[in-house]
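Keep the 3D view open while reading.

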Amino acid sequence: MNHFLTIEGLSKEDLDGLLDDADEFVEVLHRPIPKVPALRGKTVATMFFEASTRTKMSFEKAAKALSADTMSFSPGTSSLSKGESLKDTVLTIKAMGTDAMVVRHQSTGAPWRIAEWIDQPVLNGGDGAHQHPTQALLDSLTIRQHFGSLDGLKIGIVGDIRHSRVARSDAQAFATLGADVTMVAPRTLLPVDPSVFPAEVTEDLDDVIGDLDVVYVLRVQAERGGASVFPSLSEYTARYGVTKERFARLNPDTIVLHPGPMNRGVEIEGAVADDPRALILDQVFNGVAVRMAVLFRLLGGEHDG
Amino acid sequence: MVDVILAGGTVLTGEGIQETDIRIADGRIAEIGPGLTGDETIDCTGYWVGPGLVDLHAHFREPGLEWKEDIATGSRAAAAGGYTAVVVMPNTDPVTDSGHVARYVATRGDEVGLVDVIPAGAVTKGRAGHELAHLDELWAAGVRVFSDDGDVVGDAGLLRRAMDYLAARGGVISQHAVDVGLSRGGHMHEGSVSSLLGMYGIPAAADDVIIGRDLRLVEMTGAGYHVQHLSTAGGVAMIAEAKAKGLPVTAEVTPHHLAFDHHAAAGTDPVYKMMPPLRSTEDRDALRQGLEDGTIDVVGTDHAPHAEHEEEVPWEQAPNGVIGLEWAAAVVNTFAGLDQEAFFDRLSIAPARIGQIADQGLVPTVGDVANLMAFDPTTEWTPESTVSKARNSPYFGMVLRGKPMVTIHRGVVTARDGVSERGGTAA
């Protein structure tokens, strides 16, 4: 593995292997001193051209828990605002001495372009509405921890799938790991051609909600201009919000996940988000472990003896 | 000036296709017949010989955008590709919306002297879509093709006025048929690939609704109407229907829409970013079929040079288009099944007729100005370089069948073996 850019094309064995490694890093993170020297002397740059808090901090925590140094980049304070090109920005930071770059960019494909320009590992921290592969790993790990396996589970991904890199990555990872995935959204929030994803599609949440083992709630992306894709937030909540009433109709073992940040009262009611069966903070914790697994896989080779 | 003999080629003549020689003297075709001799003989055995190619749609970027291309480098690329005349689009800076700019373009083309450079004029001032450009001035400067290319003439009322104004003169409106609302935010064909990539798409209907609307305006006004870079199966069907009704309608396809479909965009390499976008496999096949059966009249290269640094960005930030003059004939020959007559019709005769270009696109005839090219339809080769300033080509490293071997512009050899003879002067 030279880069970690996409879930597409990874096998069940690939994913299970990374999740097994992540399990070990979960154990590390529970130690009194949650740190191993695996990547001592390595430098990981987090290049977040699109604003992010949790993913960036999670990668930085993961790198530090492996004893790597970190450098970070934010577009607002960078030379990008002085007209520097993406390529020059990347080459400049690489010249300072990086060993890997974590890239988030609002444009689909940007991490692939960067991988063409630098001869070191690139990790996709989210590109456009395309891929967010470490999110798919942390979600898969959370579900696997809870159920032991994803095999045969019914997982519903609910909400703004069209604009969601999480939905794309998760649908591919969950299906590869053996789950039956259903995408639930109004047509304006579905991909134009949903048949390219290994998932069933429905516009009716109430029709399927009682069968689900996992309800994966996506954030309504208000900045996408909600008004042009559905009539109003209240109408969205009425049809697709995971309310207390809908939560009460779930199987008693069913869990609720959300990638964050949440819009309480829109796609998820506060009481549902705070219920013990909503494993949202477990997802956040697991994010550090899976990112350690990926960083170790890409950079840990020469220490792995 | 020396006499040049094109010897032993398969020549398109008024009496059909013949294996014969052509003698060129004093800029004209002096003789057609077997066994000719002269100062210089170019062996054309096995080559298709016919009129020099004519492009109804290229961007030479001069004036104003010379970091991408200029009239000298664009002309060199054209000559290398077998072209003897090129209609250049008006989306320059300033826009070719007045006689002054049109005259500058034509004059600069003559100074370079490798191909006839014929300006297309804007339909609206500044291509802004609000008021008509100086259509009379443009006409007087020799403009016959009017286009806001890069943008659609979206206001149907304004387009109707332009059509009314130009109908009596015989000018042709060349429409960039992509609806603004349906394409807003889109960067590729709306379909399976855009769905996987999570990118906003441009549905095929974005082209079709404009073509359908415009065809009604053609019925109203009787103006000549040409659809640029047709990209959809629906568009091909509408053009066929309009022609069956006898409307003065023509259509164009680019080499890249014949060669590729939207799967080429899956890797988000910006060299495959086009407007209109590369569409579905079914659309691509309908375009090939339409070109073969003549529903689509011409191949227009939409040669669209961009500087290397402009392409070193993520897909969504990249500009649209590819260069293509040097390889257009080869790409068409590789991906569409045209015989020699259809080849010269779609790449030379029909575009010259639509563009009303004198001395171009004529079946070789004694006494005519010698604008000729010879094409080897069987040789396989791989483009590795370009004489354009730009390098945004998807054809590097691709095996193509067929190659322009000789280009003769106004009696002068301007390219051999895909390489332009004269450098042209720097802009």
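In which hand, left or right, does H5(A) cross H12(A)? The crossing of H5(A) past H12(A) is right-handed. This is a predicted model, and the answer holds for the predicted coordinates.

Start with the geometry of that pair. Helix H5 of chain A covers residues 133-147, and helix H12 of chain A covers residues 280-299. Their axes come within 8 Å and cross at roughly 120°. H5(A) is therefore oblique to H12(A). The class called roughly perpendicular stops at 115 degrees, and roughly antiparallel starts over 145.

Now look at the residues in this contact. H5(A) brings Thr134(A), Leu137(A), Leu138(A), Asp139(A), Leu141(A) and Thr142(A). Across from them, H12(A) brings Asp282(A), Gln283(A), Asn286(A), Gly287(A), Ala289(A), Val290(A), Arg291(A) and Val294(A). By class, the contact of H5(A) with H12(A) holds six nonpolar, five polar and three charged residues.

Step back to the domains. Domain 1 of chain A is built from two segments, 12-131 and 284-303. Domain 2 of chain A runs over 133-281. The C-alpha centres of the two domains lie 26 Å apart. Their contact takes 21 residues from domain 1 of chain A and 18 residues from domain 2 of chain A.

Which elements supply at least two residues each to the domain 1 side? They are helix H1 (12-29), strand E4 (122-127) and H12 of chain A. H12(A) gives the largest share, eight residues. By class, the domain 1 side that touches domain 2 of chain A divides into ten nonpolar, seven polar and four charged residues.

Next, the whole of chain A. Chain A has twelve helices and nine strands. Along the principal axes, its C-alpha atoms fill a box of roughly 55 × 45 × 35 Å. Chain A has a radius of gyration of 19 Å, which agrees with the value near 19 Å for a compact globule of 305 residues.

Finally, turn to the partner chain. How many residues of chain A are in contact with chain B? There are 20, and they meet 18 residues of chain B. Helix H3 (86-95), helix H4 (110-117) and helix H6 (165-176) of chain A each supply at least two residues of the chain A side. H4(A) gives the most, with three residues. The residues of the chain A side that touches chain B divide into eight nonpolar, seven polar and five charged.

Definitions and conventions:
Residues are numbered from 1 along each chain as its sequence is written. Chains are lettered from A and ligands numbered from 1 in the order in which they are written. This is a predicted model: local features need pLDDT of at least 70, side-chain atom pairs count only at pLDDT 80 or more; totals for chains, interfaces and linings use all residues. Axes are lines fitted to C-alpha atoms, for helices over the stretch in contact, and angles run from 0 to 180 degrees between N-to-C directions. Helices (H or I, at least four residues) and strands (E, at least two) are DSSP runs, numbered from the N terminus. Angles under 35 degrees count as roughly parallel, over 145 as roughly antiparallel, 65 to 115 as roughly perpendicular and the rest as oblique. A crossing is left-handed if the near helix is turned anticlockwise from the far one by less than a right angle, and right-handed if clockwise. Two residues are in contact if their C-beta atoms, placed from the backbone, lie within 7 Å. Ala, Val, Leu, Ile, Met, Phe, Trp, Tyr, Cys and Pro count as nonpolar, Asp, Glu, Lys and Arg as charged, and the others, Gly among them, as polar. Domain bounds come from an automatic or database domain assignment. The radius of gyration is taken over C-alpha atoms; the globule rule is 2.2 Å times the number of residues to the power 0.38.
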